Amino acid sequence: MYRYDQYDQAMVDARVEEFRDQARRRLEGKLTEDQFKPLRLMNGLYLQLHAYMLRVAIPYGTLDARQMEMLADIADKYDRGYGHFTTRQNIQYNWIKLEDCADALADLATVEMHAIQTSGNCIRNISSDHFAGAAADEVVDPRPYAELMRQWSSFHPEFTYLPRKFKIAVIASEKDRAAMRLHDIGVRIVKRDGEIGAEFYAGGGMGRTPMIAPLIRDFVPIDQFITYAEACLRVYNRYGRRDNKYKARIKILVHELGAAEYIRQVEEEFAHLLSVGVEPPREELARITEYFAPPAFVDGPKAVDRSDPDFALWVDRNTHRHKHDAYVSAVISLKPAGGIPGDATSEQMRVVARLAREYSFDELRVMHTQNLLLPHVAIRDLPAVWQALDEAGLGSPNMDTIEDIIACPGLDYCSLANARSIPLAQRISERFAETGRTEVVGELKLKISGCINACGHHHAGHIGILGVDKKGKENFQLSLGGSEAEDVSLAKITGPGFDEDGVVAAVEKVTDVYLAQRSDGERFLDTYRRIGMEPFKEALYG
Amino acid sequence: MAKDIGTSPDEVQFRFRDDEPVDHATVTVDSCCDQTNATAVRIEPGDDARVLLPFLDRLALVEVNFPSFGDGRGYSSARILREAGYTGELRAVGQVLIDQLSHMRRCGFDSFAPDKRLDEEDAARAFATWENVYQRAADGRATIADKRHEA
């Protein structure tokens, strides 16, 4: 795992002091709220419905036990004893007081953490594959490249007042577990003729105008990686729309110019920047990569005792193939049936931290699906890990099932929301758990957003639900056929929306259609793609 | 004749140059391209700084206007001019605030004429925010990565 040196630490410490000073000037009236707002946002501080919300960055979703324990301490000390893990691998606290914020940031800085650029019109925290460094199918570990980008994008002098926020994901396998093409820039690290390079996609995103990012370059040599990213950003900073915040994301620029013209402009800027020389020295990537050297794996048993059916089910559902055959990556579900997706109590965080220390080489991951992950668990240790998770209410065997719902905070917390997402997620997961249908249905990714900003990724759900306000009442639109994975697609709306009871019933109905029509081995999404929308519409509205 | 625009030397609150400031008005980018004798020009956020590149030799002052602090196009304009070898005065004008100063300086601005005067102490602290920097930019500072790997 990456470790700060004195430079990284000094940067974060300087930022804490800068924020303390900004808060002071705000209190002294030297900064107006309008002037203060972008500054607090760039330190992760939002004003929500009931209180300030602090979003803490977890770069590429990787953290260690000590950091997880600090997140637990922050929850106890400054919040209400819990936190909410997000779809961009970060954590949010919902009940922070403005006057505590600088102290919380200072506490975080003691464990190499911060809230820098987790909001605002700047380059946000870089996300990555949660299985990075563990997955059997990766070309290389993508995190060194993400870390190189983290340093480049932190306090970037030219790109701090972009037209709009800017999200980057970096992966390194054919499988996409980071919704890469639904980012402003998606990067896939690839190998060509033995050389490492980067495939760049630009102009993806969800929100009110969902778009899948087109490929803009199939191979950027790795020693020009940062220069190319800088060119992409400069074109966007200069020509992205600033007249309408809903048309200000890079996806609109790429769409309006056309990918070919955007590419032409980027290539021109790239050629220019190569001549200027903005790339970090080559040795820097090598230095960073050393921190991500694989842990000392040891051989061991490759199978588990399956005599306990509950344990066997959890192993089947929640573990993922590892590059070493005596290990797996174990998903810690934050989706108990009837629970709030992504929430964890401080006690649960401490349990997870202890397990990471004992069983996963002191490493943890936050998944974009709002779960946690022990990336390197020896197969022989799985019974002990499962037992501890189960006792802490973290053992739900439901990864990638209909209970593994992504949901935004919705109207329970968010000042933008039109509808509540959490109660709906709770009802659906409870319903499918009770009827035993979760297992029957298998892989089915359901995603819920409480407004058109789409923080709950509903466009990318096999089933998506969007909450809207219809004449003062919550109404839910159902959509089908989305995917954020390598088979990326955008979901299509089924037809008129439903009330809360209606949409729960509608989700059951579409799973009825699937179960009646599926062929061997087909997931819900595969069946939908084969038979199309009509049979589902018929069942819902016929 | 183009209308006189721009800031006067009196309005400049911070200046990191030793030469005498230009004491006449600036012209718009369009006028600058038409007039062969203009030595001072003002860039608005929507202007393409690159159209000035053929004239850099005769320019002694480029003002970059920030009508709104949240519009960051001027940062790119500044770097583009410096990358092209412009060595004259590069002045940030308009809504120039404390928390923008350090980034502006990194992008190549060497004078500042905020439309509201800034607190001197706050500004001094702001200019000194970053003892080290991650990115190569127009100020030519050695980056953290450079320092990590210097022989």
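Guide: A helix here is a DSSP run of H or I with at least four residues, a strand is a run of E with at least two, and both are numbered from the N terminus. In this predicted model, Gln117(A) lies in the loop between H4 and S6 of chain A.

Visitor: Why does Gln117(A) count as buried?

Guide: A residue is buried if 20 or more other C-beta atoms lie within 10 Å of its own. Gln117(A) has 26 such neighbours, so it counts as buried. Its phi is near 55 degrees, a positive value in a residue other than glycine.

Visitor: What makes Glu112(A) partly exposed?

Guide: The exposed class takes 12 or fewer neighbours and the buried class 20 or more, with partly exposed in between. Glu112(A) has 19 C-beta neighbours inside 10 Å, and therefore falls in the partly exposed class. Glu112(A) is placed in the loop between helix H4 (98-109) and strand S6 (127-128) of chain A. Phi of Glu112(A) is also positive, near 60 degrees, and the residue is not glycine.

Visitor: How many residues of chain A count as buried, as a percentage?

Guide: Of its 542 residues, 55% count as buried. Chain A holds 17 helices and 20 strands.

Visitor: Why is chain A called as compact as a globular protein of its length?

Guide: The globule rule gives 24 Å for 542 residues, and the radius of gyration of chain A is 23 Å, close to that value, so the description applies. Along the principal axes, the C-alpha atoms of chain A fill a box of roughly 60 × 55 × 55 Å. Of the contacts in chain A with a separation of 6 or more, 67% are between residues 24 or more positions apart.

Visitor: How do you know that S18(A) and S19(A) pair, and in which sense?

Guide: Pairing needs at least two bridges between the strands. Strand S18 (residues 463-470) and strand S19 (residues 473-480) of chain A have eight bridges, in the antiparallel sense. Gly467(A) stands opposite Phe476(A) in S19(A), and Asp469(A) is opposite Glu474(A). Two residues lie between the strands of this hairpin, and Lys471(A) takes a positive phi near 50 degrees there. S19(A) is mostly covered, with six of its eight residues buried.

Visitor: What makes S19(A) and S20(A) a pair?

Guide: The cut-off is at least two bridges. S19(A) and S20(A) have two, in the antiparallel sense, so they meet the definition. Ser479(A) stands opposite Ile493(A) in S20(A).

Visitor: What is the order of the five strands in that open sheet, and how is the pairing described?

Guide: The order is S16-S17-S18-S19-S20 (chain A), and the pairing is mixed.

Visitor: Why are S16 and S20 of chain A said to stand at the edges?

Guide: Strand S16 (406-407) and strand S20 (492-493) each have a single partner strand, so one side of each is left without a neighbour in the sheet. Helix H13 (residues 422-434) of chain A packs on the sheet, touching S16, strand S17 (446-449) and S18. The direction of H13 makes about 155 degrees with that of S17(A).

Visitor: Which strands does S4(A) pair with, and how do you know?

Guide: The test is again at least two bridges. Strand S4 (residues 82-85) of chain A is joined by three bridges to strand S13 (residues 343-345), running antiparallel, and Tyr82(A) has Thr345(A) as bridge partner. With strand S5 (residues 91-96) of chain A, S4(A) has two bridges, also antiparallel, and Phe85(A) stands opposite Ile91(A). Both counts reach the cut-off, so both are pairs. The hairpin of S4(A) and S5(A) has five residues between the strands, and Gln89(A) takes a positive phi near 65 degrees in it.

Visitor: Where does the domain assignment of chain A place its domains?

Guide: The assignment gives domain 1 (6-109), domain 2 (127-289), domain 3 (309-391) and domain 4 (406-541). The centres of domain 1 and domain 2 of chain A are separated by 26 Å. Their contact takes seven residues from domain 1 and 10 residues from domain 2.

Visitor: How many residues of chain B are in contact with chain A?

Guide: 30 residues of chain B are in contact with 34 residues of chain A. Among the elements giving two or more residues to that side of chain B are helix H2 (73-83) and helix H3 (101-106) of chain B. The residues of this side divide into eight nonpolar, nine polar and 13 charged.

Notes
Residues are numbered from 1 along each chain as its sequence is written. Chains are lettered from A and ligands numbered from 1 in the order in which they are written. This is a predicted model: local features need pLDDT of at least 70, side-chain atom pairs count only at pLDDT 80 or more; totals for chains, interfaces and linings use all residues. Two residues are in contact if their C-beta atoms, placed from the backbone, lie within 7 Å. Ala, Val, Leu, Ile, Met, Phe, Trp, Tyr, Cys and Pro count as nonpolar, Asp, Glu, Lys and Arg as charged, and the others, Gly among them, as polar. Axes are lines fitted to C-alpha atoms, for helices over the stretch in contact, and angles run from 0 to 180 degrees between N-to-C directions. The radius of gyration is taken over C-alpha atoms; the globule rule is 2.2 Å times the number of residues to the power 0.38. Domain bounds come from an automatic or database domain assignment.
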